[in-house]
Amino acid sequence: MNDDEINKERIKQIHNMLMEFASGNFAYKLERSDLDDDIEALTALVNMTFEEIKGSFLHQGYVNLNETYKHLVQMFFVLDTDDTIVAFNSRIKQMLFFGEDELRLKSFDSFLSEDSKQAWNGLKSKLNNTNLDSHEEFITLSFRTNQQLLLSTNCLVSKFVDSVNQSERIVVTSIEIIKSSSERVEELRKSVSSGKVGNKLPKYAPAPSKSKQLNLSFTDIRKIRKVHDHIINNLEKPLSPLIELAHTFGTNEYKLKYGFKQLYGETVFRFLINERLRKARLLIQYTDTSIKEVAHLTGFISAPHFSKAFKEKYGFTPRDLRKQSNNEPV
């Protein structure tokens, strides 16, 4: 293809991405290229924007009293030892936009992005070298759809022996689940009311007495959501003391502390740190901003402090992620 045809195809992919978004589907992203032009800049911006919207959507799901998504992605592949797809569930056709004939008896890695092919080959080598009859391992894979979008999902890869055919099989299962908000709120309400989270008393306060059981009104929820939005929009700034933050938004420290955890499942401070790290990960993946500047933009006091928190959260350093995003050897 010439340059004009390539650019038309790239713009078509962006259009497909926007159409998926318009239908309420946040599962996909665009594959990045090595080109340095306006379309590539737009691609990065679209990916970042969708990640932000998806994150906000999931957060708001916890305070919406109606049911929200439970299954975001669900796929199931059965492979033989040559990586040939011998069976799959019907959901895959809806997620990847391929017909049954386009999937059956095709090579599994032909539907993966280049980065995921390398990760998959590494895992396959490990599976082939194990002497166990069964083996399970988690891996993140990005699938190419028929619309040239990327579907990134966490997969459980299982190796077992088919007793009927006396042959080895590999099962790749992908499922992303989020509890309905009503279940989540009820679960957290019980935890807070009993003064227990994860069967442990919280360190920051004694167990509340019956007179201090927390019942949030819709007005309380609106105020706490405003605090949530304020934190999201000011990640680079130091967090005000909770008593000041509470008074600014017309509530009290007790309601803010326990109400925030009841609605969002974590303390105000932990939420702040997680959101800073989430934003930092997006900046590292989709921009060329230096790691030192990313630390500054996300409110960390120093680059070393940021790198330590980032590795504790994700299991790898910001520099490792930047190299992986640029397709450089780590």
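Which helix and which strand each supply at least two residues of the lining of the second largest cavity? They are helix H5 (114-129) and strand S6 (167-177). What you're looking at is a predicted model, where local features need pLDDT of at least 70, side-chain atom pairs count only at pLDDT 80 or more, and totals for chains, interfaces and linings use all residues. Residues are numbered from 1 along each chain as its sequence is written, and side-chain values use heavy atoms, with hydrogens and water left out.

**The chain overall**

- The protein chain has 13 helices and 6 strands; helices (H or I, at least four residues) and strands (E, at least two) are DSSP runs, numbered from the N terminus.
- Of the 330 residues in the protein chain, 39% are buried, where buried means under 20% relative accessible area, exposed over 50%, and partly exposed in between (1.4 Å probe, protein chains only).
- Take the contacts in the protein chain with a separation of 6 or more: 58% of them come from residues 24 or more positions apart, with contact meaning heavy atoms within 4.5 Å.

- Searching the whole structure turns up 2 cavities of 30 Å³ or more.
- On a 1 Å grid over the protein atoms alone, a cavity is a set of points where a 1.4 Å probe fits but cannot get out, while a pocket is an open set with protein on both sides within 12 Å along at least five of seven lines; lining residues have an atom within 4 Å of a point.
- Grid points are joined across faces, edges and corners, and a volume is the space filled by probe spheres set on the points.
- The second largest cavity holds about 50 Å³ of space.
- Its lining is made of Thr81, Leu127, Asn128, Lys159, Glu168, Arg169 and Ile170.
- S6 gives the largest share of that lining, with 3 residues.
- Sorted by class, the lining of this cavity has 2 nonpolar, 2 polar and 3 charged residues; Ala, Val, Leu, Ile, Met, Phe, Trp, Tyr, Cys and Pro count as nonpolar, Asp, Glu, Lys and Arg as charged, and the others, Gly among them, as polar.

**The second largest pocket and Arg10**

- The second largest pocket has a volume of about 220 Å³.
- It's lined by 13 residues, and the closest to its centre are Arg10, Gln13, Glu31, Arg32 and Ser33.
- Helix H1 (3-22) and helix H2 (38-61) are the elements that give two or more residues to this pocket's lining, and H1 gives the most, with 4 residues.
- By class, the pocket lining splits into 4 nonpolar, 4 polar and 5 charged residues.
- Arg10 sits in helix H1 and counts as buried, at 10% relative accessibility.
- Beyond its neighbours within four places in sequence, Arg10 is in contact with Ser33, Leu35, Asp37, Ile39 and Glu40.

- H10 is mostly covered, with 14 of its 19 residues buried.
- Leu282 lies in H10 and is buried, at 4% relative accessibility.
- The C-alpha atoms of Leu282 and Val294 are 9.8 Å apart, and the two residues are 12 residues apart along the chain.

**Arg319 in helix H13**

- Arg319 belongs to helix H13 (residues 318-325) and is exposed, with a relative accessible area of 53%.
- Between the C-alpha atoms of Arg319 and Ser290 there are 9.7 Å, with 29 residues separating the pair along the chain.

- Most residues other than glycine have a negative phi.
- Phe97 isn't a glycine, yet has a positive phi of about 65 degrees.
- Phe97 is in the loop between helix H3 (91-96) and helix H4 (100-103), and is partly exposed, with a relative accessible area of 27%.
- Gln148 has a positive phi of about 65 degrees too, although it is not a glycine.
- Gln148 is in the loop between strand S4 (135-144) and strand S5 (150-162), and counts as partly exposed at 32% relative accessibility.
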